Each structure stands twice: as C-alpha cells, then as structure tokens.
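Good morning. I will take a few minutes to walk through one chain, and you can follow along on the screen.

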Amino acid sequence: MTDAQQSSRSHVTNPRGPVHAGTGDQTINLIFDAAAAAWATSQHDPKQIAEDELRQLKQVFVWPPDFARARTTLHDWNTVFVVGRPGTGRQGASKVLLGELPTGKGTFHEIVDESEERNGPLLPKDLVGEEDRLLLDLTQRTEERCRAYLGELPHFRTVVRNRNARLAVALDHGHEHLLSPELSRLKVSLGRPRAEEVLRRHLRVHEVDGADCLTVDTALRHFLDEAALREIAALALRVREEQRTLSDAASRPGLARCLERALTTPRPYDSEVAEIVSEADSEQRALLLAAACLKQPRSDTLCLATALLLKTAGQPTEGLYLLHHAALGSRLRQLKAYLDSTGRVRFREDKFATAVVAYFWDNFPPFRYTLRSWMTGVIKKPWLTEHDRLAIAAAYATQRLRTGHPRDLEVLATRWSSDTSTPEQARLPAATLLLGQGVRDDAHGGYFREAIYRIVARPPGPDVPMAHVLIGVCSETMATHHPHQALVRLHHLARHRSAEVRGVAGDSLAEVTHGDDRLYRRLLDRVTSGPPASAYADAELFVRLSELTRLTAVTRRATAPLLVSASFREQLVDGWRLVFSHLRHETYAARVRQWLDIPAAWAQHLDSLLDVLVRGAGEDAAALARLYDIAARWALHRRTPTSRRETVLALRQRIDAAQGITSAVPPPSAA
C-alpha cells in the first residue's frame, strides 16, 4: 500500500474512544478502544492517574522509623536518599514523601533509565520542571549503574534546587557505600514500619470487619516478623476475599477465622478449586477452565470454547453438549458457577475465576502449552466477542507474568499482530492487551519498555499492524508512569514509513503532551534536532504539533502560554525551518492560515507568530514567496475583513525586512 493510499484510511486524533474519520474500516479505533477498555482509568489522564495512585498509597502507608527526618531532609535540601533493606518499603516511602508536597506548578514523575535512547547524560536537566516532584529508584540497579547515576547527581541536584523541585532517591542498603561525603549527609536509613499496623491499615482500606480489633496470635506474629510489606498487603487482600467467601445472608465470619484461612491458603479459593477439580472429569475441567478464562461468556460461546479446548488437548468431542448430557445449568452448579438471566455464565466472584486459572497453571504445567494453543486458536473464532478475546488474553498474561515469563508475551503479541489469516479487529486488541499488561507489571514493566524500544528503533521499524498496537500501549499505558519513555517510542513511530502510522502516532503525541509544557518542549527539541533521514517525518510531525490552541493555552500549572517565551519561539522557528526545507506547501498551508487567522482574543500574539514564520523561512527566497502566496490567497476571500489585509501587510513588511528591502521590523519583546 502506498502512502497516498494509506492516508486515505481512517485516522484518530484521540486514541481513547471509537471514532470514524471517513472511508475504510475502524480497525485502528477498535484497537485503541479495546486498550482503553482493558485498563479503564480515571478520565484517562496519565498525570492524574499518577497523582491518584499517590493518594491511594498514602491511605495505607505507615510511618517507618526516621520518616520524619527524611521529610525534613527533603524539605531543607530538596533531595533525600531513602536507604533500606528489601521489603521495607523504600519505594513506597519515597513516593509518599513526594506525594505529601504541595502540587504547585510541577508534576510527579519517575526518572527512568533512558540510556538506550540517548548518548548524553543519564540525568539531563530537561527532566526537571518548575516545582516537579521526582523519584529516582535505584533499588534494582547494579552497582556499576548506581555509580554512574550518583556521579551525575551533584550537577543534577543544582538544577533541582534552582527550579524549586524535589528529588527522592530510593537506594538499596548494599549500595550506600557508593555515596560521596556530600551526598551521604542527605541519606536517611529507614527502618521497617510496625508490621501489625501495616496489616491493620490495609484491612481498613479493604473494609474488612474487625480490622480495628486485630489480635496477633503466634502464627500471625511469625508471618509479620518475616514478611515483606508487599506480602502483608497481599495477606490483607486474601483476608478480604476469605471474609466475602465465608459470608452468608445472615452473618459475616470473624476476623480471626478469616486470618487463619488466609495464612494457611496461598491464594483465595485454592482449597475450593482443588476440591472441585478433584471431583470433575475431563469435560467438567475443560468447562471450568474455559469459563474462568472467558469471564462471563454467553452459554453458547462457553460450549463452543470448551469443545475447542478439549479438541486442542486431544480429547474426543463427538456428541459433546447434546441432549444426553446433563443440563448446562446443572453442570455449572457443580463448578460453583451459574447462568444469569441474560444467558451469561458467572462465578460469584471474579477472583474465583482468577484462582481457577492459577490452579490449573500451577498444578498442570504441561497443560500450559495446550492452553496457549487453545487461546491462539479461539481468538480467531467469529463467535467470540471482543470482551471474550480480551478476557482470555488477560488471563494468560496474568499467569505468564506471575511465573516470570515476560518474553513469551512479547513473542505472542508480535505473532498475533502479523497473523494475516485473522481479521485485525480479532487479534490486534488482544495483542495490545498482552503488551499493555506487561508494561503495567511491577516486576516486568522494564523488560517490556525496553522490548518496545527495540522494536520501534530497529530499522525498518515494526509492520503497520504492530505499529498500531504499540501506539495504543505507549499512549494508554506507558504514558501513565513513564511519559518520557512513551514520548520517545511514539516519536520513533511518528517517523514510520507508513503515512497512516505517522499520522496516528503524531495524534497520540499531541495527546500525551497536552497539558504538560515540559514534555511538549522536549518533544519539539527531538523533532527539530533529529537525523537527516527523519527530517521529512519530523517536519510533518511539527505541522501536526504546532496547532494554535496548544501554543496559546495556559496549562494547569503554568501562568502564561508558551508563546510568550522567547526560547520557545526559537523552537518554533527551528520547526518551521524544517517544514519550509522539506515539505510541499500544500502540506503546511492550512497551518499557516490557522496562525494568520488568530482569534481576536489572542491578537496580541500575532506579531510573534509572524516573526516566527518569517524567521523560519530565513533567507530562502522561495520559502518566503510561498509563505506570502499562502497569506495573499487567504486574504483574497470576497468577505475578507480589513484585519486580514492588515495581517498580510504586516507579513509583507517582515518578509521585505528579511530580504533587506526595508528597515527591520522590531522583533517581539522577549519574555
């Protein structure tokens, strides 16, 4: 398909809901809509999501010893090193320290290792915005990597201080010897918070009955003395599930009983699932597993999926589900499931379905490959809904990540995206979910971010379907906690050989940088300083990013629009220089007309815009002529107001001045 053909297909400007932009199918939109539905978030604002998660963390946080001193150090010196042993909550304490600070102009964001993307410093100064709250987590880094970061911190701290930002660095106790004397005075070694209070706080948040009357017996004390904080949080969740499981219409079980069961059962419902499986034949087991993977499927869908699972496992399926079998409702009751009034199959708790899949995964290891084959085959079936496909993909991804096999999801997502034997709307949303779930995973998120970078940065880049999958993952998931890395990967995709991909990636970049001036300016820096081979794509992207409302908007933490900044206008000049040098005038004429047609409310910016356009054309007489021609045609409209003619005259004066025909027009005042 040529670029011209591709650009006639539908594009999206906001990958967060279904739209249709013209002729062609809605495959791209289905991918983004599925991605958004798969991990629905608060208003889909990545910056807001990060702030919300900080607030949730504070609800369960218990002050460890010396936390007050860490707070004072951060306040007085703008930087604190939070040192501790694994399992003591170093990352959580660092986040809470930053989350307690006033939001001000800046945002909270984590500094991630971008060494594969840049040849410059690990800690460039453009990572720091005014009043930002920054987290640098070095707890999982090698000693060599820690040493490299710590070597750059003295200079970086100066930038942090000058911009009134705050920096919390989480460091493993085994690497504190790497701190220089200057940095050592900013170190605070946090002890372990009271485990009993940590458990009580989590139980309260989960609304467990009796949380305030928690009694610690010998078994619980032994667990609390040895467990990491994340394991205590997991115990509280199991207690909540046990209390829900054991409750009936008349009463709820006591906390002590639920704690005892939670401590002796690795996962909620394990013993119950084990009992069901032990009494079930192969057909019933297949029915149970298929129902758990699909999550609330239609009854006919469940029967077809179960038959395919048995066939994939080499079991006979002739006559399955005909009249000589017991009624489906009766069979489901044996599995602790039921048919609701709409004909869908449900378990009483979603967690029960998760426990079923985990039980089969752990207790029948050879069956994992059968499950993968079944999943790959079943998502192609036309009788499966999008919800069914996403549910199956999520169930498989959960188990793969839980047992430490991230690469399998990467390979599977790549295979699905390139499988031309299956319609795109059947496979691409599921591939998007696999990678998105991987990016969100605490243990393996770094692996997926690096894998996605390798895919987008390696020439000639991913194929078109995979590119759309990655755009969805980066804009909907990665941008939440790692916006800079999302930006880098989306920028590579905005340089793709396909015009369709470039357009969708460009729209996603505009969305990701919307409301974040620092991120937006960082993107413009990349666009205007790219390699010559990317100049055409970067010029296209600049035209897309230079929308007038973005330049004149006052973002949530700003006091004035970017356009009043002289340094920002220089970025725009560089961008237009790229545009005039590499694009045909038809490509950018609409953007020039938009700038000239500035609303009266923003009229004070007109001189700045004209100055940027003329300086962008520079001494290129042909570019200046094209610019003037666009403006003159814009002013020839039969209903053209006098203001248009005045605008064209002002532009002509600046063009003449640039060519030395008249005296120079005074430039806009610097801000």
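This is a predicted model: local features need pLDDT of at least 70, side-chain atom pairs count only at pLDDT 80 or more; totals for chains, interfaces and linings use all residues.

The chain has 671 residues, and 52% of them count as buried. Its secondary structure comes to 32 helices and 7 strands. The chain exposes about 29800 Å², with carbon and sulfur atoms supplying 51% of that area. If you take the contacts between residues at least 6 apart in sequence, 72% of them join residues at least 24 apart.

Now the sheet. In what order do the 5 strands of the open sheet run? The order is β2-β3-β4-β1-β5, and the pairing is parallel. Which strands stand at the edges? They are β2, residues 108-111, and β5, residues 187-189. Each of these has a single partner strand, so one side of each is left without a neighbour in the sheet. From one strand to the next, the twist averages 25 degrees.

Look at one pairing inside that sheet. Strand β3, residues 133-137, pairs with strand β4, residues 166-172, in the parallel sense over 5 bridges. To pick out a partner, aspartate 137 has alanine 170 in β4 as its bridge partner.

Two helices lie across these strands. Helix α6, residues 143-162, lies across β1, β2, β3 and β4, and runs at about 165 degrees to β4. Helix α4, residues 67-77, lies across β1, β4 and β5, and its angle to β1, residues 79-84, is about 155 degrees.

Is threonine 73 buried or exposed? Its relative accessible area is 9%, and the cut-off for buried is under 20%, so threonine 73 is buried. Leaving aside residues up to four places away in sequence, threonine 73 touches Asn78, Thr79, Val80, Leu186 and Val188.

Next, the aromatic rings. A pair of aromatic rings is described by the distance of the centres and the angle of the planes. How many aromatic pairs does the structure hold? There are 13. One of them joins tryptophan 63 and phenylalanine 67; this pair is tilted, with 5.0 Å centre to centre and 50 degrees between the planes. Tryptophan 63 is partly exposed, at 44% relative accessible area, whereas phenylalanine 67 counts as buried at 1%.

Another pair is tryptophan 576 with tryptophan 595, which is edge-to-face: 5.4 Å centre to centre and 80 degrees between the planes. This pair links distant parts of the chain, 19 residues apart: tryptophan 576 is in helix α28, residues 566-582, and tryptophan 595 is in helix α29, residues 585-596. Tryptophan 576 counts as buried, at 0% relative accessibility, and tryptophan 595 also counts as buried, at 0%. Both belong to one aromatic cluster, formed by Phe542, Trp576, Phe580, Tyr588 and Trp595.

Lastly, charges over rings. Arginine 185 lies over the face of tryptophan 77, at 4.3 Å from the ring centre. Elsewhere, which ring does the charged end of arginine 652 sit over? That is the ring of tyrosine 628, with the charged end 5.3 Å from its centre.

That is the end of the tour. Thank you.

Conventions: Residues are numbered from 1 along each chain as its sequence is written. Side-chain values use heavy atoms; hydrogens and water are left out. Rings of Phe, Tyr and Trp (its six-membered ring) pair if their centres lie within 6.5 Å; planes under 30 degrees apart count as stacked, over 60 as edge-to-face and the rest as tilted. Buried means under 20% relative accessible area, exposed over 50%, partly exposed in between (1.4 Å probe, protein chains only). Helices (H or I, at least four residues) and strands (E, at least two) are DSSP runs, numbered from the N terminus. A charge sits over a ring if NZ of Lys or CZ of Arg is within 6 Å of the ring centre and within 35 degrees of the ring normal. Two strands pair if DSSP finds at least two bridges between them. Axes are lines fitted to C-alpha atoms, for helices over the stretch in contact, and angles run from 0 to 180 degrees between N-to-C directions. Contact means heavy atoms within 4.5 Å. Accessible areas come from the Shrake-Rupley method with a 1.4 Å probe; for residues, only the protein chains shown count as cover.
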